[in-house]
Amino acid sequence: LKPDLFITDITFSNDTPVQGDSVLITVSVGTNGLFYDTFEVAIYADAIDKAHHIGSGYIEHSPIKEPKVSVLFFTNDYGGVHEIIAIADPDDNIDEANEGNNEMRKEIIVLTVDYLINSAVETIDELGSSHHLDMAVFWLERAQIEYHNSRIDKAVEYLHRAVDEIWLAGKYEDIIDSIIDAMWVAVRDEPAKEIADVMEMIVHIRTAYDLTGPADELLANALQ
């Protein structure tokens with residue numbers, strides 16, 4: 001009998017990190033126990049080559065049924081949707097019974113202001129045209145311009161206006177969540193007073209519109 005190595009799971013310490021966060025990636029590996037040599041588990045982002053190599057861990061023969069390796073993923077140079085790729089024994093040093101089950105892929109979303117605004121605009125475009133939806137897109141595009149010009153207070157103001165238009169257009173909570181997330185991401189590196197003001201604004205928006213959803217988790221993490 002030949003040994004067999006296979007990836008069983010990829011988990012992230014944070015499934016939706018904000019750009020600049022560090023994420024612990026943990027890869028679980030299954031084996032049939034018939035190996036005696038240490039083998040590598042390599043982890044990549046988006047492509048399998050040296051430039052996209054995040055890191056590697058090594059597994060030794062042991063009684064552990066499902067050994068794991070972990071590496072830190074620094075998101076400074078990433079934004080939006082990316083694919084994490086884990087490969088057991090990437091150089092085929094171990095002669096296995098099945099070489100085709102050594103790889104697993106999983107998406108991770110790295111939040112940026114641009115990604116969140118663009119996602120909101122794309123969703124609005126799919127809904128079609130109306131006065132309030134068109135005005136929401138107008139304010140989102142203005143907010144993006146102000147953000148790139150480092151006028152964060154104006155960007156947040158225009159994002160707030162976009163939320164109001166979306167609510168009037170039909171209470172599309174998923175779009176509002178993206179916009180609220182963009183508010184938080186826009187100010188998270190600003191001075192404490194500006195962060196506190198925006199957090200207060202977000203709490204007010206979510207309370208006034210009686211919103212519950214994904215943004216609550218981001219807000220809870222921000223307030224810790």
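Salt bridges in the predicted model

A search of the whole structure, a predicted model, turns up nine salt bridges.

Me: Which strands does the salt bridge between E83 and R105 tie together?
Reply: The closest N and O atoms of E83 and R105 are 2.9 Å apart, and the two form a salt bridge. The partners are 22 residues apart in sequence, so the pair ties together separate parts: E83 belongs to one strand and R105 to another, namely β6 (residues 80–88) and β7 (residues 103–110).

Me: Is R105 buried, partly exposed or exposed?
Reply: Buried would require under 20% relative accessible area, and exposed over 50%. R105 has 41% relative accessibility, so R105 counts as partly exposed.

Me: Which helix holds both K193 and D197?
Reply: The side chains of K193 and D197 meet in a salt bridge, 2.8 Å from N to O. They are four residues apart, about one turn, and both lie in helix α5 (residues 192–208).

Me: Is K193 partly exposed or exposed?
Reply: The cut-off for exposed is over 50% relative accessible area. D197, the partner of K193, has 36% and counts as partly exposed. K193 has 55% relative accessibility, so K193 counts as exposed.

Key: Residues are numbered from 1 along each chain as its sequence is written. This is a predicted model: local features need pLDDT of at least 70, side-chain atom pairs count only at pLDDT 80 or more; totals for chains, interfaces and linings use all residues. Side-chain values use heavy atoms; hydrogens and water are left out. A salt bridge is a side-chain nitrogen of Lys or Arg within 4 Å of a carboxyl oxygen of Asp or Glu. Helices (H or I, at least four residues) and strands (E, at least two) are DSSP runs, numbered from the N terminus. Buried means under 20% relative accessible area, exposed over 50%, partly exposed in between (1.4 Å probe, protein chains only).
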